[in-house]
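Q: Can you walk me through this one? I want the overall picture, then a few details.

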Amino acid sequence: EESGSMALNLTINSNNPPLGALLTAEHVKDTVQVSVEEGKDNSLHISDSVQFSDTNSISRYLARVAPALGLYGANMMEQTEVDHWLEFSARRLCDQPDLTLALGDLDKALSLRTFLVGHALTLADLSVWAALKDQSSWPSQSKAFPHVRRWFFFLNSQVPFSSVGSKYASKKP
Amino acid sequence: FKATKNLDALLGKDLGTLRDIVINANPAQPPLTLLVLHSLLCQHYRVLSTVHVHSSVSSVPPQLLSCLGPKHADSYARHMFQLGFTLIWKNVPKLEMKFSVRNMCPIEGEANVARFLFKLLAPYPSDPAVATLVDSWVDTAFYQLADGSAKERAAVLRALGSALGRGPWLCGTEFSLADIACYCCLSQNGSMSATAANVQRWIKSCENLGHFGPAKLLLK
């Protein structure tokens, strides 16, 4: 792997931890070493001129330095679906007062699928799971969306979802 | 017409039907980046382009009906084309693309459709940092430049200025999707004139490439 010897530093604001990025870091940790430290803002430092501060960019970068894991999908069409779900999680799930429409779309997409894209775990699952985990209103709504519920709790029970969830999600004010 | 790229390698084997890219877009927000990418696709592939108006929309200005160019003389012979590009003006809250619907979910958002179309033209940078920088600028263009508050826009203009102080294009030495997205979102919200000298120079360089004609036609 090109990235075998690289060590990256992810700084997080513990009042607003980038769950999706932390989860991606956990998934790639056997390929890319990422140390996490607390600071003022969320940021992944790459070089003097390049750093990424939003959770989707950090996740995209980590998925790309560990290509063998396939977190960005297996082909161009799956990549496009992953891009769709990254935007969906950032724009339609995060900080939205009413999730009903978005959860309806998500439920439809998951009705015949184990994972959101293709036949394996991708950034789509990580980012949408993280966005839902951040929503205090989600567990009480889960009865109305059985496919999302099945998918969410299936992931929720697995490492590293369970460890990242208990370590960071509970820290939110 | 001369095809320069192998679509089978990019999209999987051709099963004999036309690969049709269907885009539902709201006429209140014409997708300038997609029109620019469409005209670039037409330089690389034989594209059968069609514009429709959905019944949810009552009237559409003539420049939106002709935005994909004149109707092709051979349009009856679908097998002569490599790609279909079907634009439907429709009252949708968010732009969406349907392609290969049996394998792919509908794709929402102009940014994601732009990424898809661009990959049909050129591969993404192989360096993970540069590729992610391109994606990060595309997000910034659509979320902060096109949709953001005045304060967010001002912050993006400062970031554009400092990125363009480091290289001729936003992601270094190569023109990329980042430049297309930022140019189009900047021109859409009319902040072209209120920019620093190196941003002005970049706007000129973009225009010199001649790719932005389809976008400018709609802004007049």
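This is a predicted model: local features need pLDDT of at least 70, side-chain atom pairs count only at pLDDT 80 or more; totals for chains, interfaces and linings use all residues.

Q: In what order do the elements of chain B run?
A: Starting at the N terminus, the run is α-β-α-β-α-β-β-β-α-α-α-α-α-α.

Q: What box do its C-alpha atoms fill?
A: Along the principal axes, the C-alpha atoms of chain B fill roughly 50 × 40 × 30 Å.

Q: What share of chain B is buried?
A: Of its 220 residues, 52% are buried.

Q: Now strand S3 of chain B. How many of its residues are buried?
A: Seven of seven, across residues 83-89.

Q: Which residues point which way from S3(B)?
A: Leu83(B), Phe85(B), Leu87(B) and Trp89(B) point one way. Gly84(B), Thr86(B) and Ile88(B) point the other way. Both sets are buried. As a general point, side chains in a regular strand alternate between the two faces of the sheet.

Q: Which strands join S3(B)?
A: Strand S1 of chain B, residues 19-25, pairs with S3(B) in the parallel sense over seven bridges. There, Ile23(B) stands opposite Leu87(B). Strand S2 of chain B, residues 47-53, also runs parallel to S3(B), joined by seven bridges. On that side, Ser49(B) stands opposite Phe85(B).

Q: Switching to chain A. What is the strand order in its open sheet?
A: The order is S2-S1-S3-S4, four strands with mixed pairing. S2 (33-38) and S4 (51-52) of chain A stand at the edges. Each has a single partner strand, so one side of each is left without a neighbour in the sheet.

Q: In which sense do S1 and S3 of chain A pair?
A: Antiparallel, over three bridges. S1 of chain A covers residues 7-12 and S3 of chain A covers residues 43-45. Asn9(A) has His45(A) in S3(A) as its bridge partner.

Q: Ala7(A): buried or exposed?
A: Exposed. Ala7(A) lies in strand S1 of chain A. Its relative accessibility is 56%, and the cut-off for exposed is over 50%.

Q: How far is Ala7(A) from Met76(A)?
A: They are 28 Å apart in space, C-alpha to C-alpha, and 69 residues apart in sequence.

Q: Last one: helix H1 of chain A. How many of its residues are buried?
A: Seven of nine in H1(A), residues 19-27, so the helix is largely enclosed by the rest of the structure. The buried residues include Leu19(A), Leu22(A), Leu23(A) and Thr24(A).

Q: What do they pack against?
A: The buried residues of H1(A) pack against S1 and S2 of chain A. They also pack against three helices of chain A: H2 (55-65), H5 (123-133) and H8 (161-168).

Terms used
Residues are numbered from 1 along each chain as its sequence is written. Chains are lettered from A and ligands numbered from 1 in the order in which they are written. Side-chain values use heavy atoms; hydrogens and water are left out. Helices (H or I, at least four residues) and strands (E, at least two) are DSSP runs, numbered from the N terminus. Buried means under 20% relative accessible area, exposed over 50%, partly exposed in between (1.4 Å probe, protein chains only). Two strands pair if DSSP finds at least two bridges between them. Contact means heavy atoms within 4.5 Å.
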